[in-house]
Each structure stands twice: as structure tokens, then as C-alpha cells.
Amino acid sequence: RAAKYRPSRIYVGTVAPWLAARIGPQFTAAYVDTVLVRPGAQVKRGQVLATLDCRNASVQNKALAMQARALSATQEAIEKEATRVSGLLSGGYVSPNEVERRTAESTSKQAELLAAQARMSKAALEVDDCVLRAPFEGEISERMIDPGGFARPGVSILSIVDRSQVRVLLDVPETDFAVVAPGTP
């Protein structure tokens, strides 16, 4: 197909990091307590970048742990009692209804214990969400919230990029795709 010859072509493009991440809380809404890095700082994977003021989540986690401990002790006592009562059934000292009621009560407390442990796991995630760490080695590119600001789930406090590997993003007309195909000099 005939085409107009152009000795050179000009495209508008940008260089972007291959890896980039926005760092912020996922589960917790809290005030930002500390931001330990500034834009341009080099960080290692796992390094603490910022912390949130999560005293409420921490106290709630401790309260749920105590509640789970109490439920566990209660459930063990009821289970032992149900075992003892079921031993009396063969001698005719208790009715089958009493044994079934004690067993059901034990099962019910076990379910309550499992529910409390699930709530405790959720609270532990919220407490862990209060310490924001670097997901990979890189450089801090932006700092969006300073200490004292309020961060909600999905809000970014910092952004981190890995500048060791980049990609080039170009806007090219479809008619020039063959000219800029990968590997073309």
C-alpha cells in the first residue's frame, strides 16, 4: 500500500517505574502518628515507613483475647460436666434429655469460642495494619499525608517506586505499530 514517506517520527511518551505501590491502611481508619521517610529516601523491603495511632484497635484486640480465654475456660468446664453427666446415664441417674442438653450447651460454647477467635483475628489484622511497611526495595516518590492527618482504608499516605527497572509508555498511531514493534532498531 502506498504511504507518505516520513524521514522521522515524533511520539510523546513517558518513562515510568515497573514497580510502584501506594502505601496506606487497608482495614483501619486512624490518625497518622508518624511518617518516618521523605520523598527521595531509599527504603528496604519490610522497613517501617509510617505508623497510625491505633490505641483503640489494640485495646479492642486485648479485650477480645480475654473474652476468648474466658469462653475457652467455660467451654472446657461444660464439656467435662457433659462427659460426667453422660456417664451417669447408664446407671439411670439422669435422663437422656439432660445429657443432650449438656452436650448441646458444650457445642454452643464451642461455637461462641470459635466466633470470638474469628473476631480476635480480625482485630489482630487491624492492629497489624497500624504499622505500614515497604512491600519492596525502592524509593519514596510521594508523601501525601503528614503526621496528624486522618487516613482511611484505601487512602494513600506514601508512594514507593522501584527505579531499577522502568518501562517506556508511548502514544503511537495504529498505522505506525510496525515501525515501533519490539526489537525494531
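Okay, strands S2 and S7: they pair in the antiparallel sense, over two bridges. Pairing here is a DSSP call, needing at least two bridges between the strands. Strands themselves are DSSP runs (E, at least two residues), helices are runs too (H or I, at least four), and both are numbered from the N terminus. One of the contacts puts Tyr31 together with Phe150, its bridge partner in S7.

Quick word on what you're looking at: this is a predicted model, where local features need pLDDT of at least 70 and side-chain atom pairs count only at pLDDT 80 or more, while totals for chains, interfaces and linings use all residues. Residues are numbered from 1 along each chain as its sequence is written, and side-chain values use heavy atoms, with hydrogens and water left out.

Back to S2, residues 30-35. On S4, residues 48-52, S2 has another antiparallel partner, this time over three bridges. Val32 sits opposite Leu52 in S4, and Thr34 faces Thr51 in S4.

Now zoom out. These strands belong to an open, antiparallel sheet of four, and the order reads S5-S4-S2-S7. So which strands stand at the edges? They're S5 (131-133) and S7 (150-151); each has a single partner strand, so one side of each is left without a neighbour in the sheet.

There's another open sheet of four strands, also with antiparallel pairing, in the order S1-S8-S6-S3. Here S1 and S3 (42-43) stand at the edges with a single partner strand each, so again one side of each has no neighbour in the sheet. How many bridges join S1 and S8? Eleven, in the antiparallel sense. Along that pair, Ala20 has Val161 in S8 as its bridge partner, and Arg22 has Ser159 in S8. S8 also pairs with S6, antiparallel, over four bridges, and Arg143 stands opposite Leu158 in S8.

Stay with S8 for the surface. Val15, Val166, Val168 and Leu170 make a nonpolar patch of about 370 Å². Three of the patch residues, the largest share, come from S8 (residues 158-171), while Val15 is in S1. For the terms: patch residues have over 30% relative accessible area and no salt bridge, with nonpolar side chains (Val, Leu, Ile, Met, Phe, Trp, Tyr) joined within 5 Å and like charges within 9 Å. Areas are Shrake-Rupley with a 1.4 Å probe, and for residues only the protein chains shown count as cover.

Salt bridges next, meaning a side-chain nitrogen of Lys or Arg within 4 Å of a carboxyl oxygen of Asp or Glu. The whole structure has ten. One of them joins Glu137 and Lys44, with the closest N and O atoms 3.8 Å apart. Glu137 is in the loop between S5 and S6 (138-143) and Lys44 in the loop between S3 and S4, so the pair ties together parts that are 93 residues apart in sequence.

Last stop, the largest pocket, with about 230 Å³ of space. Twelve residues line it, and the closest to its centre are Gln26, Asp129, Val131, Leu132 and Arg133. A pocket is an open set of points on a 1 Å grid over the protein atoms alone where a 1.4 Å probe fits, with protein on both sides within 12 Å along at least five of seven lines; lining residues have an atom within 4 Å of a point. Which element gives the largest share of the lining? S5, with three residues.

Terms used:
Grid points are joined across faces, edges and corners, and a volume is the space filled by probe spheres set on the points.
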